[in-house]
Amino acid sequence: MIKLFSILLSITLVLVMAVGCSQAPDQGQNDQGQNKEEKLKVGFVYIGSATDAGYTYAHDQGRLMLERELGDRVETIIKENVPETQECEKVMTDMIDQGCKVIFANSFGFQDYVVRVAEAHPDVIFLHCSGSIQGPNYSNYFGSIEEARYLSGIVAGMKTKTNKIGYVAAYNIPEVIRGINAFTLGVRSVNPDAVVMVKWTNTWLDAAKEKDAAIALLDAGADVIAQHQDTTGPQVAAEERGCWSIGYNADMSHAAPKAYMTAPLWNWGAYYVKAVQSILDGTWTNEPYWGTMKDGLIDLAPLTDVAPEGAQEAVDKIKEQMKAGTFDVFAGPIKDQSGKVVVPEGSTIPLEEQLSMKWFVEGVEGKIE
Amino acid sequence: MITVAFFKAAIIAGIPLLFATLGEIITEKSGHLNLGVEGMMLMGAVIGFQVGYTTNSPLLALLFAAIAGALGALIYAFLTVSLRANQVVSGLALTIFGTGFAGFVGKSLMGMKMTDQFNYFFRDLKIPGLGDIPYLGEIFFNHDIFVYLGYVTAIVLGLYLYNTGKGLNLRAIGENPAAADAASIPITKYKYLHILLGGALCGLGGAYLSLVYVPVWQENITAGRGWIAVALVIFSGWNPYKAIAGAFLFGGLDIIGFRLQGTAIAISQYIFDMAPYVATIVILVLVSLRKSKKNAPPKALSEPYFREER
């Protein structure tokens with residue numbers, strides 16, 4: 001009985017201390033805020049390393065652009081290689097303790113933790129990449145990389161000789177599936193006979209495995225490799241076999257100079273500047289952000305010499321329409337894998353349905369497992 | 001698709017595992033459980049890549065990869081042999097250290113690539129005669145030089161352990177250090193040497209990933225393969241010969257998932273990812289059920305040796 005009592009007492013004490021401690025810094029910050037005008041501190045929580053030459057690198061380029069454009073009113077801090085576990089909650093809380101008023105979290109898996117920390121800190125704004133959360137002080141941002149994937153599909157469709165294109169895919173989540181579908185629609189817009197073979201690796205960052213998935217696709221007859229992975233493994237596989245490749249996130253020509261043709265790119269800076277500016281102006285709302293090529297968030301990397309003849313013109317033509325906002329990647333008619341028309345002529349797939357897409361279009365060889 | 005190409009790829013996927021497993025076998029034979037395999041692999045991978053990238057010399061890259069792995073092991077050896085620290089904790093610390101070390105050194109190497117001249121050194125070389133055997137020749141004897149080094153290392157280690165006096169001494173230390181000490185075998189020297197050798201082999205395993213398999217630097221390039229190697233040591237019953245078969249089996253399991261995708265046998269990759277560990281547990285159960293001395297771990301494994309406590 002005494003033991004139980006003492007345990008309860010200690011728990012109470014710890015809780016009291018925790019509450020006491022968590023309130024103290026807030027008061028301190030308020031005092032500081034009254035005393036002098038401070039720069040807005042923005043924290044970036046990264047899943048990978050800022051020099052990973054891929055996904056997080058692209059985000060960090062966006063952060064640097066933010067510093068360049070609004071550097072006199074904003075300062076940024078980053079934390080790299082944050083796992084998608086409880087750990088990221090600690091990282092965010094720590095950033096708040098350091099005075100961050102805005103936090104960007106760049107991976108899908110941070111989602112639940114962002115909500116929890118955001119609800120405990122209503123005075124801080126949280127922006128989460130690629131998820132679907134929305135609350136008074138938190139929201140999400142992402143964009144239509146599908147537009148760039150469609151364009152890269154045009155390049156791949158014109159290049160392939162075997163009419164088989166390999167696609168090394170990470171996880172069977174809507175984001176990846178959407179990309180495969182857009183890519184395939186792009187391929188078949190110029191080459192209706194080509195198919196896109198999909199292999200799932202269930203990894204984002206395992207260069208050896210992702211390279212091997214590409215080799216499996218090349219063994220099966222593919223001569224162009226595209227990828228939704230964060231490493232250059234698939235590019236190297238294509239290079240070694242004398243085939244061609246489409247990258248992702250960044251210019252990957254250094255890894256595969258003889259294979260790499262182009263890559264869908266994110267230009268996160270376009271969003272980061274816009275979002276932080278609106279927070280500074282006090283006009284920020286929790287409306288989710290969905291960027292497009294028109295907004296400058298999405299782009300296609302310059303085509304290399306390896307790209308097929310005529311691809312530049314074909315890409316430019318569609319790109320113009322995308323920039324004008326008149327081209328819809330998912331405009332009907334679109335057939336699914338069984339050949340049934342699921343999106344009739346004249347209609348499209350609304351954004352909400354794109355965000356939960358769990359089926360493949362005609363021309364994809366592979367299953368959503 | 002289960003084809004010759006698949007088996008060939010399985011060998012390549014198994015080579016980093018083979019080196020790491022051999023390294024851990026030789027370490028455990030000296031009575032030390034080093035869970036820092038992943039860390040030492042990463043240290044070897046990053047230093048090998050850094051040296052290869054700066055000097056463009058494959059041999060220097062391999063040499064320094066081995067040295068880097070051995071230096072990682074030296075930290076562990078000092079802690080566990082000289083200071084008699086807890087082996088599990090020291091090993092885990094080494095893994096964490098190695099991961100951080102590789103991330104730090106590799107920052108400027110991210111996404112870099114070796115020259116064609118460098119890669120040419122690791123081109124596929126067909127062994128005359130053996131390489132012409134139908135199927136088997138293509139699977140086993142048409143690889144880069146590093147793969148052959150793996151075969152040779154495993155066989156040499158097997159011969160060393162079971163057919164030489166020094167190997168017998170080493171096994172004696174792992175089984176009963178007090179008796180070995182009484183037989184005036186220099187225990188500390190043996191332990192240090194073999195832990196360092198084990199680390200060097202782990203470093204080479206990591207270097208295979210960064211120099212030959214991928215070969216672009218990517219953070220955390222080993223992606224957990226060090227842990228599979230630890231399981232593989234148990235799976236192969238602390239026997240270098242069996243480790244060859246085990247490494248290629250586990251390598252095959254690592255890459256079979258997406259080759260089966262789209263065929264009639266659609267088994268999730270997650271099942272295959274689990275398989276090495278499940279197989280290891282099954283083997284552990286079988287070995288302990290049979291109560292056989294064969295395939296059992298060295299008796300003094302992970303027990304620090306105090307001469308005064310005899």
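**Strand partners and packed helices**

Guide: Welcome! Opposite A:Ser245 in β9(A) stands A:Ile225. This is a predicted model, in which local features need pLDDT of at least 70, side-chain atom pairs count only at pLDDT 80 or more, and totals for chains, interfaces and linings use all residues. Residues are numbered from 1 along each chain as its sequence is written, while chains are lettered from A and ligands numbered from 1 in the order in which they are written.

Visitor: What makes β8 and β9 of chain A a pair?

Guide: Strand β8 (residues 224-228) and strand β9 (residues 244-246) of chain A share two bridges, in the parallel sense. Pairing calls for at least two DSSP bridges, strands being DSSP runs (E, at least two residues) and helices likewise (H or I, at least four), numbered from the N terminus.

Visitor: Which sheet of chain A holds β8 and β9?

Guide: An open, parallel sheet of six strands, ordered β10-β9-β8-β6-β7-β16 in chain A.

Visitor: Why are β10 and β16 of chain A called edge strands?

Guide: β10 (260-262) and β16 (364-365) of chain A each pair on one side only.

Visitor: Why are α2(B) and α3(B) called roughly antiparallel?

Guide: Helix α2 (residues 37-55) and helix α3 (residues 58-82) of chain B pack at about 150°, with their axes 7 Å apart. Angles under 35 degrees count as roughly parallel, over 145 as roughly antiparallel, 65 to 115 as roughly perpendicular and the rest as oblique. α2(B) and α3(B) are therefore roughly antiparallel.

Notes:
Axes fitted to C-alpha atoms, helices over the stretch in contact; angles between N-to-C directions.
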